[in-house]
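Dear colleague,

Please find the structure handed over below, together with its sequence.

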Amino acid sequence: MSARERVAGTVANYVDERTGAAAWMKKNLQKVFPDHWSFMLGEIALYSFVILLLSGTFLTFWFDPSMRTVVYEGSYQPLKEVEMSAAYASTLHISFDVRGGLLMRQIHHWAALIFMAAIVVHLLRVFFTGAFRKPREFNWILGIGLLTLGIVEGFLGYSLPDDLLSGTGLRIAQAIIQALPVVGTYLSFFAFGGAFPGEAFIPRIYTVHILLLPGIFLALITVHLMLVWYQKHTQYPGPGRTEKNVVGYPLMPVYMAKAGGFFFIVFGVTAFLGAVASINPIWLYGPYTPGQISAGSQPDWYMGWLDGLVRMAPPIETHAFGHTISWNILIPGLIIPGILFTGMALYPFIESWITGDKKEHHLLDRPRNVPNRTALGVMALTFTLIALINGGNDIIATHFSLTINQIMWFSRIGIIVLPPLAFVITKRICLSLQRADRELVLHGKETGRLVMLPHGEFIEIHEELTPEKRYTLTQHEQPKAIELVTEDAGGVLNPKGIRAKLQARFSAANAENIAKPTAAEVKELEGGHH
Amino acid sequence: MSKELEPLADPGLPEHIHRKADIDPIAAKRAERQVAILFSLSAVGTLLFIYSFFFIKVDQFIFLPILGNTNAHQLGIGLGMAAGLFFIGIGAVHWAKTLMPDQEVIAQRHEFKSEPEDRDAFVKAAKDGAEAAGLGRRPLIKRTLIGAAALAGLPGVLMLRDTGPLPGKELEKTNWKSGTRLVTDPGDRPIKASDLEVGAVAQVLPELLPGQKRTLEDIGKDAVLLIRLRPAEFQLDEERLSWTHEGIIAFSKICSHMGCAVALYEQTTKHLLCPCHQSTFDVTRAAKVIFGPAARPLPQLAITVDGEGNLIAKQPFTEAVGPSFWERSS
């Protein structure tokens, strides 16, 4: 036994005698994880979070979360002697007078953008592959919670420097609070410690941004990962992969190296962006004052779709009985996002009600094999995308020589017309892809090799698929429609009349699929020559 | 029928194919060297960071293609740190992919559902527990506990009361009074009608009395935009026309939609545009909304001149400025 092995043995023994961890460690070091590039999306989000904690902590050493007025005396000449808040001045100090300060600020901001992007793409992966199905509904809801918190945390973060752009964002947030019926004015005065902007808000959101929300994040992420660990990761279908097993590589050493290495890659790429790609150059915006604004004011991308919805809202307010309700703010700012996020959180339960499927699922769906869900996802994406495009309408207008009015009307009409259209088109595409799969299994791949038969007929040689590939294309279950029971055998009406009807209708739509090839069909073709 | 629907059989996990490094010691050695080179590149990156941190001046700029004029210090430490991290990652992944075992392993899953006996026992334990506590039998305890717990949450909410003052009529007031002089922002100089040419725009604030200080809250409700047109261009009613002076019209600069500064004036169309959500107001028609999400015109400030010819407010705003709120009556 080498000296190193002896030391390892002693350490393991020392820890085990005090914790009894050896049995657990033995099992978990060999834990199997399936391999697929799309499983790294959530990892990117996790690593970005770690980068955010590290770079954020660095920034707190100099950032002064105070709105008291100071006169800037730092080394950035254009703002010398200008009155500004201590928050803004200290952000300038970090950017110009702390070595590595600007780098860390830019890494922090880039990491936040990547964090949100990774969450969204990870969510799309989970949605389109059906990974949210039983038993993973809780984790789906946790994920929606993390997405929501991420949007809030990101917004609070870029509001902290108190520059002209972020102050404008806060003004809009304050207007949303103020628009709430009955309590709005009060909530706004409590949140801002009086009239906008006041001197209370930035110190308050600072505590929320660096303590409260990161704490909640940490807790939720921990539970999110523990559930992934405990429930074992889902896997893509393929030969040898079943609902009862998990096929992949052991944690130690392959995933330790791959995942650990991947953390460094994500950090390295973020640092590269921070080094070469300027982001949120607050010194160009100037300190916040409510009387000024810069043209082309844009929020960060994950807020852009909300801003786009607000921009396209029709100008409707109700004035009655001495009170005002601003529908032009409430509908795009609260009601629509509320419906979207609630719908998203409840989706696993809605789908399971429609399909009547209460089984556990560990094999992922290929999106084409679940046309309705895929179409619904694309529909929601289309909606959000049009909102996002409208959020940049001023930028688009100047870049493509269009008028704001043209883009706004396109969005206003498009957001109603295009999502349903996207649903129909996506569903058709899914069914076509199913047909293509069927064709492929039954007739093989086109080889492009043309052969003339002795009697003069030309045929193209089709290359038969491997059994593995064939299995992958046909292993999925195809749902059946739930039959509508309007009355039982005794003629008693179903008490859940309307709900049952709805369910039957949805599940019929859901069951619309191209029949997948069966063993018998394949065999028949194998028997005959083709 | 059921036989025909039988799905294709699972051929099972395909056979494992060895990588070059698994069977060829030379390839394995090469892979080892590659990993070592990648790790060394990381070390070079960190050295670049250290060098840049100490020896490149913070205000040293260099010109680079694509990036343009770039701060060399920032670039040096940034690229150094990026390389230091990135190559550790790439090295580790390359190591895992070439030299660590790549044979897929099968682990079994277990259903999460507990055994029926366990579940029944759990439900029974919970029931028995509740039974033992007597919650069902003693409704008085249950109800008072629920009531007390709900009340106990109240202090947490109530204590937030002092986070801010009550709004009162604050949102309906500005610092514009009858006779308040308009002063330029920035500069705080009184302004005469002749200072503004036709087509010109100016931002003004109420004049400060001696000893007064202006806060951002003041600016947030007092900011006013002056625009001078030819008087014939107005399409205003008698009253609103009397609020202008020699073609100069004054509007609150705080958007009636969400409070942004309505800063963009288009001279040819005489439209004011809010850069936040593109609400567009027609200056000739008392800032009527002609496009975008705003539902109300910008409040107009009645102006006139004092004895010295300086522009002054004729009267306070007749309505609340800024975004809507519940208590707003019009």
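The notes below take up the contact between the chains, then the sheets, and then a pair of helices.

This is a predicted model, in which local features need pLDDT of at least 70 and side-chain atom pairs count only at pLDDT 80 or more, while totals for chains, interfaces and linings use all residues. Residues are numbered from 1 along each chain as its sequence is written, chains are lettered from A and ligands numbered from 1 in the order in which they are written, and side-chain values use heavy atoms, with hydrogens and water left out.

The contact (heavy atoms within 4.5 Å) takes 111 residues from chain A and 87 residues from chain B. The area buried between the two chains (accessible area, 1.4 Å probe, lost on putting them together and summed over both) is about 8200 Å², and carbon and sulfur atoms give 67% of that area. On the chain B side, the residues that lose the most area to chain A are Leu8(B), Arg109(B) and Trp326(B), together 12% of what that side buries.

An open sheet of 3 strands draws on both chains, in the order β1(A)-β4(A)-β3(B), with antiparallel pairing. Strands here are DSSP runs of E of at least two residues, and helices are runs of H or I of at least four, numbered from the N terminus; two strands pair if DSSP finds at least two bridges between them. β1 (32-33) of chain A and β3 (105-108) of chain B each have a single partner strand, so one side of each is left without a neighbour in the sheet. β4 (residues 245-250) of chain A pairs with β3(B) over 4 bridges, and Val246(A) stands opposite Ala107(B). Helix α10 (residues 251-276) of chain A lies across β1 and β4 of chain A, at about 70 degrees to β4(A). Axes are lines fitted to C-alpha atoms, for helices over the stretch in contact, and angles run from 0 to 180 degrees between N-to-C directions.

Chain B has an open sheet of 5 strands, in the order β4-β5-β6-β7-β12, with antiparallel pairing. Its edge strands are β4 (182-184) and β12 (300-301). Within this sheet, β5 (residues 201-206) and β6 (residues 224-228) of chain B share 4 bridges, and Ala202(B) stands opposite Leu226(B).

In chain A, helices α7 (residues 164-179) and α8 (residues 184-192) pack at about 140 degrees, with their axes 7 Å apart. Residues that meet there include Leu170(A) of α7(A) and Phe192(A) of α8(A).

Yours sincerely
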